[in-house]
Amino acid sequence: MPDSSFDGKLAPYKPLPQCKAFLICERVGVDAVTGQFNLHRIVNFLSFQQFPAESPPLAAYFQLYDGIGQYDLSMELRDLADDTSVAAEIFSHLDFPERLVKMELVLPIDSLRLPRVGRYEIAILFDGREVATQFIDAEDDNGPGT
Amino acid sequence: MALEHNNGNDQAGAPKEPRGIQPHGEAGRHEHIITAADAGWITPTAFVLPVKFVPVDPPRLVKRKPPAAG
C-alpha cells in the first residue's frame with residue numbers, strides 16, 4: 001500500500017538551527033575595536049525580597065548555526081513548578097543568510113515578571129519549535145525559614 | 001598649558017579613550033553596551049532583538065516533545 005505521507009501535501013521539512021550557546025547575563029557589550037561580544041555577569045539566579053517580582057533588565061546571548069532561510073522566532077518564560085508558560089514574546093522573524101554561518105543573537109530583555117519563588121525556564125522557539133532552554137532560579141532574599 | 005581630553009581617564013599611564021566611545025568593561029576595554037535601541041543587524045552575523053515579555057493569562061501548559069523511544 002502506498003505511503004500517503006509522500007503525496008506532496010506535507011510541507012517540506014526545514015531543519016531547525018542548532019544552538020551552541022544560550023546564556024542569560026546582566027548585559028552584553030560589543031568591543032568597539034574587535035567587534036567581539038563581552039558577556040557581563042552571567043545570571044543563574046535572581047533574589048527578591050517579595051513576590052511577585054520584577055527582574056532588572058537582562059540580556060540573552062545565543063550562538064546559532066545551521067539555520068536555513070527565515071524562521072518565525074518566539075520566546076517563552078515557563079514556571080517549572082507546574083510546567084506552564086507564564087509569559088511570551090512573539091518576534092517577527094530571523095533570516096539566516098547562509099547555512100554554515102555561525103550567528104550571534106542578542107536579546108535585551110526588558111524584565112521578567114516572576115510570580116513566586118522557584119525555578120523558571122526561558123525557551124527560544126523557531127517556527128513554534130523549541131530550539132533551546134535555559135534555567136533561572138528565583139530566590140527569596142529573606143533567607144531560609146522566612 | 002593645553003588641556004588634553006581623555007574622557008576622565010586620569011590615571012597616569014592609562015591609555016587615552018577615543019572620542020565617542022565610553023569605557024564600560026571591567027578590563028577597561030572600549031565597549032558598547034547593547035540595548036533595545038540597537039535592534040537589527042549590528043554585524044553581518046549578529047542580530048539584536050529586544051524582548052518585552054507579555055503575561056500569558058491564564059498560564060498555559062507547556063507542550064513538550066515526548067522522549068524518543070528506545
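**View 1. The bridge between A:E104 and B:A46 in a predicted model.** A:E104 has B:A46, a residue of β3(B), as its bridge partner, and β10(A) pairs with β3(B) in the parallel sense over three bridges. Strands are DSSP runs (E, at least two residues) numbered from the N terminus, and two of them pair if DSSP finds at least two bridges between them. This is a predicted model, in which local features need pLDDT of at least 70 and side-chain atom pairs count only at pLDDT 80 or more, while totals for chains, interfaces and linings use all residues. Residues are numbered from 1 along each chain as its sequence is written, and chains are lettered from A in the order in which they are written.

**View 2. The side of chain B that touches chain A.** The contact, which counts residues whose C-beta atoms, placed from the backbone, lie within 7 Å, takes 29 residues from chain B and 35 residues from chain A. On the chain B side, β1 (31–33), β2 (40–43), β3 and β4 (54–61) each supply at least two residues, and β4(B) gives the most, with six residues.

**View 3. The surroundings of A:A60.** Apart from neighbours within four places in sequence, A:A60 is in contact with A:F22, A:I24, A:L107, A:I109 and A:I122.

**View 4. A:F45 on strand β3 of chain A.** A:F45 lies in strand β3 (residues 45–48) of chain A and counts as exposed because it has 10 C-beta neighbours inside 10 Å, where 12 or fewer make a residue exposed, 20 or more make it buried, and values in between make it partly exposed. Leaving aside neighbours within four places in sequence, A:F45 is in contact with A:I136, A:D137 and A:E139.

Methods: Contact = placed C-beta atoms within 7 Å. Helix = DSSP H or I, 4+ residues; strand = E, 2+ residues; numbered from the N terminus.
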